[in-house]
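Here's a quick briefing to read with the model open beside you. Have a look at the fold, then go through the notes below.

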Amino acid sequence: MSPLLRVRKTVSSLHRFSRTLSSVSVSEHKMAEPTLETDPCSIHPAAVVHPNAVIGQGASIGPFCTVGASAKLGNHCRLYPGSHVSGNTVLGEHCVLLTGAVVGDDIPGQTVIGCNNTIGYHAVVGVKCQDLKYKTGDECFLHIGDNNEIREYASIHRSSKSSDRTVIGNNNLVMGSCHIAHDCKIGNNNIFANNTLLAGHVVVEDHVHTAGAIVIHQFCHVGSFAFIGGGSAISQDVPKYMMVTGERAELRGLNLEGLRRHGFTTKEMRSLRTAYQRIFMPSDASSGGFEERLAEVEQHEVLAQVSSVRSMVQSIRDCFSENRRGICKFRHWNG
């Protein structure tokens, strides 16, 4: 090889080496820089997502999912294969729809679901109610709060009219095959065991626990910290702190174990038990009627100073107010 050719080859090698170093330097510089781009969403090619749908950052949509034109998915939502979001539906951040879940409906109105909710396999949430009074074309609504777990095959329906809405609060566990009908109002921190069935317009306050296979008649009201035994049929209201069970549910005392678990003091529970006995378990016939026994507890020098007792008595009175269904019967109640 001639000296001139050897020099040219050396120069060419140096140029290639220089370009390689430059490329490596740029690459390392890019890796070192923090990313300024937004977290992109992941949509499987087999999913059907309407171009008008709003998809948040970091959302993941699996194969065979559908997302409607008016749907809004919050950041980091995850749709497992075969789940569907329809109609005017809003999902908050970090919601998860498992396979087969259906959320929303292509009817007037809206379904709003907060953050960190899980919708289980084949659950149906935010669809048209099963009330024959619903008129086609009317707006209907469902609002769900945060941190709820709605398990497989559960169903939750929208309201039956535009002036009302179905509402579920925060931190509720709705187990498999439960049903929450139109216009129900569910509070916070409730546990509904499998096959808990709520008819329309039922109100459930906070920290209520139901055992499995129970039904609640429409317009009934269940107070906070109540417990409903398995297989019960609730046809009248359940006041706060109480335990009911039976084919036609009857009061069976206070939910003392539930109260203990939720931090009620020994003094509070003893006061509640004393008040309950004075109201529902009179020791003799001279104790007067039901209204007189309630008034006696309200005016009692010691019991009247306990806030939980006052709350229980007010809850009992509310059961007899206008448009309420009265109280579940006590098996030895002589009133």
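Which residue in β12 is the bridge partner of L91? It's I113. This is a predicted model, where local features need pLDDT of at least 70 and side-chain atom pairs count only at pLDDT 80 or more, while totals for chains, interfaces and linings use all residues. Residues are numbered from 1 along each chain as its sequence is written, and side-chain values use heavy atoms, with hydrogens and water left out.

**The sheet**

- Nine strands make up an open sheet with parallel pairing, in the order β3-β6-β9-β12-β15-β18-β21-β24-β27. (Strands are DSSP runs of E with at least two residues, helices are runs of H or I with at least four, and both are numbered from the N terminus.)
- At the edges sit β3 (54-55) and β27 (221-222), each of which pairs on one side only. (Two strands pair if DSSP finds at least two bridges between them.)

**Around β12 and β15**

- Strand β9 (residues 89-91) runs parallel to β12, joined to it by three bridges.
- β12 also pairs with β15 in the parallel sense, this time over five bridges; here Q110 has F141 in β15 as its bridge partner.
- β15 goes on to pair with strand β18 (residues 166-168), again parallel, over three bridges. In that pairing, I144 stands opposite I168 in β18.
- Strand β15 (residues 140-144) is mostly covered, with four of its five residues buried. (Buried means under 20% relative accessible area, exposed over 50% and partly exposed in between, using a 1.4 Å probe and protein chains only.)

**N117, in a loop**

- You'll find N117 in the loop between β12 (109-113) and β13 (118-119).
- Despite the loop position, N117 is buried, at a relative accessible area of 1%.
- Its neighbours include H94, C95, V96, I144 and D146, leaving aside residues up to four places away in sequence. (Contact means heavy atoms within 4.5 Å.)
- N148 is also on the contact list of N117, and the N117 side chain reaches the backbone nitrogen of N148 at 2.8 Å.

**Helix α4**

- In helix α4 (residues 290-298), the buried residues are F290, R293, L294 and V297.
- Those four cover an arc of only 100° around the axis, so they lie on the same side of α4. (The arc is that of the directions from the helix axis to the C-beta atoms.)
- The buried residues of α4 pack against α3 (266-280) and α5 (307-318).

Terms used:
Polar contact = N/O pair within 3.5 Å; in protein donor to acceptor, adjacent residues only side chain to side chain.
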